[in-house]
Amino acid sequence: MSNNGNTATQESTPSANGIKLPIYMDNHATTPLDPRVLEEMLPYFMEKFGNAASRNHPFGWAAEEAVELSRERIAKLIGATAKEIIFTSGATESDNLAIKGVAEMYREKGNHIITAVTEHKAVLDTCKHLEKGGFRVTYLPVQKDGLVDLDELKRAIDDKTILVTIMAANNEIGVLQPIAEIGKLCRERGVIFHSDAVQAIGKVPVDVTKMNLDIVSITAHKLYGPKGVGALYVRRKNPRVQLVPIIDGGGHERGMRSGTLNVPGIVGLGKACAIAAEDMPQEACKIAGLRNRLKDSIMSRLDETYINGSVEHRLPGNLNISFAYVEGESLLMGINDIAVSSGSACTSATLEPSYVLKALGTGDDLAHSSIRFGIGRFNTEAEVDYVADRVVETVQRLRELSPLYEMAKEGVDLKSVKWAAEAH
Amino acid sequence: MAYSDKVIDHYNHPRNVGSMDKGSADVGTGLVGAPECGDVMKLQIKVNPQTNVIEEAKFKTFGCGSAIASSSLATEWVKGKTIDQALEIKNTEIVKELALPPVKIHCSVLAEDAIRAAIGDWKKKQEAAKPVAVQTQ
């Protein structure tokens, strides 16, 4: 996705109605650090700087103790045990380790992997890499609402299938996949189930036991923790899952991920999970309320706006709307005191809009017109109202400028127009 | 990405937005691009048949800020020019004037196409309107 990176100055400036500009509403890209997380991390930069692998002095013990507490906190949030959590540098590494690690470990058993077309690039590109090495990958299509068809998944599993990797929540459209059902199916067929759950964890309940998850990718910066630290849940029993490491070295993290642990980052991830475990029910409710307020405020005032993906099976903070006849990047430019993202690809070399939206069957024209709003912990009702007003006035202005809107209003069927081929 | 001040100015204050009667004999209409590609420009010119001078230009654009700015600038530039002078406008001049980055060069190409399409449409109308007697001379 491209974002407008808000061209305003770094310093926030108060606007007339008391809210601070620019407004951050791109919480699927990353989230601000929660001050409670920062507070807990700070001692581990200076006075508690020890290496968690130093077993014979108190500097090491303090670091190790902090790391183990984090392991417990993460495990608790997802219904796992502490020993099943290994630390990584983030979601991309976690996805790589999960998929490549399973592929190499279970190659004797089979060479078939199943994923979905709407997965994050960290999963898709890892699968593509494995294809070059002789693996067979099935990329499941999704339905119009963005959900994987369970019957289709059932049919795709064969006796060579070793891994199913399906995300819990999509980063663009916030659609929640039927993880529990997929988990049950995989367990019945004896296939390992990995889920990139970075957008879901801390936002909606994820339970590795109830959902029969075998491997789960986690990252800190999507849940108000620091960047550059993540984790991988790897099931230890029923069944025991083993991974071939990508990074070899000192044998840290049960040999699956060598390298000195990022102690302050890990402390931050642990604290972020502890806060999420405590606050999730109320917070999800509050954020969904804000999201619905934004949706209603925008959609009641503008015609021809469309929500991309299932409304029912969706992250509480996600709203992805296409504004017909308005190009997404120009809309971002008009609301440059608000940080959001677009599925338009005007800046990409290929000129291809969002592959996720295309997978839903959204036409390229509407994919170019899409905006992703990601509401998070620190957004307020006043901000939502401001954003809605700015979006509505900008869309109206750009539609006055849009030849497509004019043609549509004149009754021209845009689908029947023979568009002149572009010169490039 | 950062936009140049000129792109931002055209985006915030687009010149010559609007539509003219595309059925009029003096008006040439160019519609280029495609919604699937994320850019559609409609550029119209009104030409004085005696002098071949473009007296009026209007545009509407569906596209990114650079596309809007390129077409807005194109209307400014063609106004007051003769048809032949307007045909000499090159996309590279638009790129230079708006300081467009490489990924946005296609916007300027589209604006040049729009000028050419509008002039082409006007010329076609002129041909069609010419009395048969003139053609056979």
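Two residues are taken to be in contact if their C-beta atoms, placed from the backbone, lie within 7 Å. On that basis, the contact between the two chains of this predicted model takes 30 residues from chain B and 26 residues from chain A.

**Interface between the chains**

- On the side of chain B that touches chain A, at least two residues each are supplied by the strands β1 (27-34), β2 (39-47) and β3 (54-62) and by the helices α2 (65-78) and α5 (105-129) of chain B.
- Of the elements on that side of chain B, α5(B) gives the most, with five residues.
- Sorted by class, the side of chain B that touches chain A consists of 19 nonpolar, seven polar and four charged residues.

**Nonpolar core**

- The largest nonpolar core has 159 residues, and those with the most contacts inside it are A:Ile78, A:Tyr233 and B:Ala114.
- Leaving aside residues up to four places away in sequence, A:Tyr233 touches A:Ile78, A:Ala80, A:Glu84, A:Ile85, A:Val208, A:Ile215, A:Val216 and A:Ile218.

**Helix pairs in chain A**

- Helix α2 (residues 58-78) of chain A and α7(A) have axes that come within 8 Å and cross at roughly 35°, and the crossing of α2(A) and α7(A) is left-handed.
- The residues that make this contact include A:Ala63, A:Ala66, A:Val67 and A:Leu69 of α2(A), together with A:Val263, A:Ile266, A:Val267 and A:Leu269 of α7(A); by class, the contact of α2(A) with α7(A) has 14 nonpolar, two polar and two charged residues.
- Helix α3 (residues 91-105) of chain A packs with helix α4 (residues 121-132) of chain A at an angle of about 30°, with their axes 9 Å apart, and α3(A) passes α4(A) in a right-handed crossing.
- Among the residues where these helices meet are A:Ala91, A:Asp95 and A:Ile99 in α3(A) and A:Val123, A:Cys127 and A:Leu130 in α4(A); the contact of α3(A) with α4(A) divides into seven nonpolar, three polar and two charged residues.

**Individual positions in chain A**

- A:Ile321 has its place in strand β13 of chain A and counts as buried because 21 other C-beta atoms lie within 10 Å, where the cut-off for a buried residue is 20 or more.
- Not counting residues up to four places away in sequence, A:Ile321 touches A:Ile298, A:Thr305, A:Tyr306, A:Ile307, A:Ser370 and A:Ile371; its C-alpha atom is separated by 9.2 Å from that of A:Leu366, 45 residues apart along the chain.
- A:Asp248, found in the loop between β11 (230-234) and α7 of chain A, counts as exposed because it has 11 C-beta neighbours inside 10 Å, and the cut-off for an exposed residue is 12 or fewer.
- A:Asp248 and A:Ser258 are ten residues apart in sequence, with a C-alpha to C-alpha separation of 5.6 Å in space.

**Backbone geometry**

- A cis peptide bond with omega of about -5° joins A:Leu21 and A:Pro22, and A:Pro22 lies in the loop between β3 (20-21) and β4 (23-24) of chain A.
- A cis peptide bond also joins A:Asn238 and A:Pro239, with omega about -5°, and A:Pro239 is found in the loop between β11 and α7 of chain A.
- B:Asn52, in the loop between β2 and β3 of chain B, has a positive phi of about 65° although it is not a glycine, and B:Asn52 counts as partly exposed, with 15 C-beta neighbours inside 10 Å.
- B:Ala99, in the loop between α4 (91-98) and α5 of chain B, has a positive phi of about 50° although it is not a glycine, and B:Ala99 counts as partly exposed, with 13 C-beta neighbours inside 10 Å.

Terms used:
Residues numbered from 1 in each chain as written. Chains lettered and ligands numbered in written order. Predicted model: local features only at pLDDT ≥ 70, side-chain atom pairs only at ≥ 80, totals over all residues. Axes fitted to C-alpha atoms, helices over the stretch in contact; angles between N-to-C directions. Helix = DSSP H or I, 4+ residues; strand = E, 2+ residues; numbered from the N terminus. Left-handed = near helix turned anticlockwise from the far one by under 90°. Nonpolar A, V, L, I, M, F, W, Y, C, P; charged D, E, K, R; others polar. Core = buried A, V, L, I, M, F, W, Y, C linked by C-beta atoms within 7 Å.
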